[in-house]
Amino acid sequence: TNLANYEINIENKKIVAIDFEYNPRSQPNEKFNFTRCSECGVSVLENNEIKHYHFIIEDGSQKQGLAKHLKDKFEFGTTETVNSKELKTRLEQLLEGSDYLLCHGMEMEYGILVNNDINIPEMNIEILDTLHMFRKLAENTELNAFRLKDIVRTCDMDPTNLHNAGNDAAYTMLTFLRMNKEPEIIKESIKNLAVVYKKKENKKLLIWERKEEK
């Protein structure tokens with residue numbers, strides 16, 4: 001699987017973007033279990049239509065009052081509350097018949113899915129990763145920042161509620177579609193972003209040098 005392949009033909013393809021918010025400190029005996037996640041976001045591209053989903057995991061790892069905050073911050077629809085067993089069923093339904101699984105930074109999402117017996121290889125789903133795509137587009141530039149926030153901004157979007165799993169999945173899908181459709185425009189945006197970051201780095205370095213002189 002070429003994780004960095006933003007040039008695929010998406011015509012008549014089903015693509016599913018998934019994001020989890022995961023708490024590595026909770027319930028340490030249950031590595032990558034759904035109950036160590038507070039929420040899950042899913043965006044599905046099928047028949048040229050995108051549907052967005054946001055799930056709060058009621059038996060998952062969340063602080064008091066977090067669920068209401070997360071629901072209020074989901075920008076693309078209505079949040080659902082499910083338990084971990086129900087989440088597994090919903091994810092299997094949404095992934096059924098998919099051609100591609102899309103994430104930003106695949107390792108955690110893939111580990112969570114496989115550890116909860118959602119077997120991506122057996123479902124014949126290829127894997128794509130916007131992090132690897134962005135790095136490929138950023139080749140020969142000085143950019144070394146590859147956060148989802150940076151990628152979204154190069155695609156002319158200004159996200160305000162990232163780290164909500166539903167929004168992260170949605171923006172992962174939207175940035176992939178933009179990279180797929182207009183890679184040369186994104187390359188130019190990346191060059192501009194690299195200049196901005198370079199100026200910030202130089203400014204920080206100058207401030208540090210002045211402190212050292214004192």
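Modeller: A nonpolar core is a set of buried Ala, Val, Leu, Ile, Met, Phe, Trp, Tyr and Cys residues joined through side-chain atoms within 4.5 Å. Buried means under 20% relative accessible area, exposed over 50%, and partly exposed in between (1.4 Å probe, protein chains only). This is a predicted model: local features need pLDDT of at least 70, side-chain atom pairs count only at pLDDT 80 or more, and totals for chains, interfaces and linings use all residues. Residues are numbered from 1 along each chain as its sequence is written, and side-chain values use heavy atoms, with hydrogens and water left out.

Biologist: Which residues of the largest nonpolar core touch the most other members?

Modeller: Nonpolar side chains tend to be buried together in soluble globular proteins. Here the largest nonpolar core holds 26 residues. The ones touching the most other members are Ile18, Phe20, Val42, Leu87, Leu91 and Leu101.

Biologist: Which elements each supply at least two residues of this core?

Modeller: Helices (H or I, at least four residues) and strands (E, at least two) are DSSP runs, numbered from the N terminus. Those that each give this core at least two residues are β1, β2, β3, α2 (84-95), β5 and α3 (106-115).

Biologist: Which residues does Leu87 touch, not counting residues up to four places away in sequence?

Modeller: Contact means heavy atoms within 4.5 Å. With residues up to four places away in sequence set aside, Leu87 touches Phe20, Phe34, Cys40, Phe55, Ile57 and Val82.

Biologist: In what order do the strands form the open sheet?

Modeller: Two strands pair if DSSP finds at least two bridges between them. In this sheet of 6 strands the pairing is mixed, and the order is β4-β3-β2-β1-β5-β6.

Biologist: Which are the edge strands?

Modeller: An edge strand here pairs on one side only.

Biologist: Over how many bridges do strand β2 and strand β3 pair?

Modeller: Strand β2 covers residues 37-46 and strand β3 residues 49-57. Within this pair, Leu45 of β2 stands opposite Ile50 in β3. The two strands run in the antiparallel sense, and their bridges number 8.

Biologist: What angle does the direction of helix α6 make with that of β2?

Modeller: Helix α6 (residues 165-181) packs on the sheet, touching β1 (15-22), β2, β3, β5 and β6. Axes are lines fitted to C-alpha atoms, for helices over the stretch in contact, and angles run from 0 to 180 degrees between N-to-C directions. For α6 and β2 the angle is about 30 degrees.

Biologist: How far apart in sequence are the parts that Asp156 and Arg178 tie together?

Modeller: A salt bridge is a side-chain nitrogen of Lys or Arg within 4 Å of a carboxyl oxygen of Asp or Glu. Asp156 and Arg178 form one, with their closest N and O atoms 3.4 Å apart. Asp156 lies in the loop between α5 (148-154) and α6, and Arg178 in helix α6, so the parts tied together are apart in sequence by 22 residues.

Biologist: Is Arg178 buried or exposed?

Modeller: Its salt-bridge partner Glu182, at 2.4 Å from N to O, is partly exposed at 27% relative accessibility. Arg178 has a relative accessible area of 18%, so Arg178 counts as buried.
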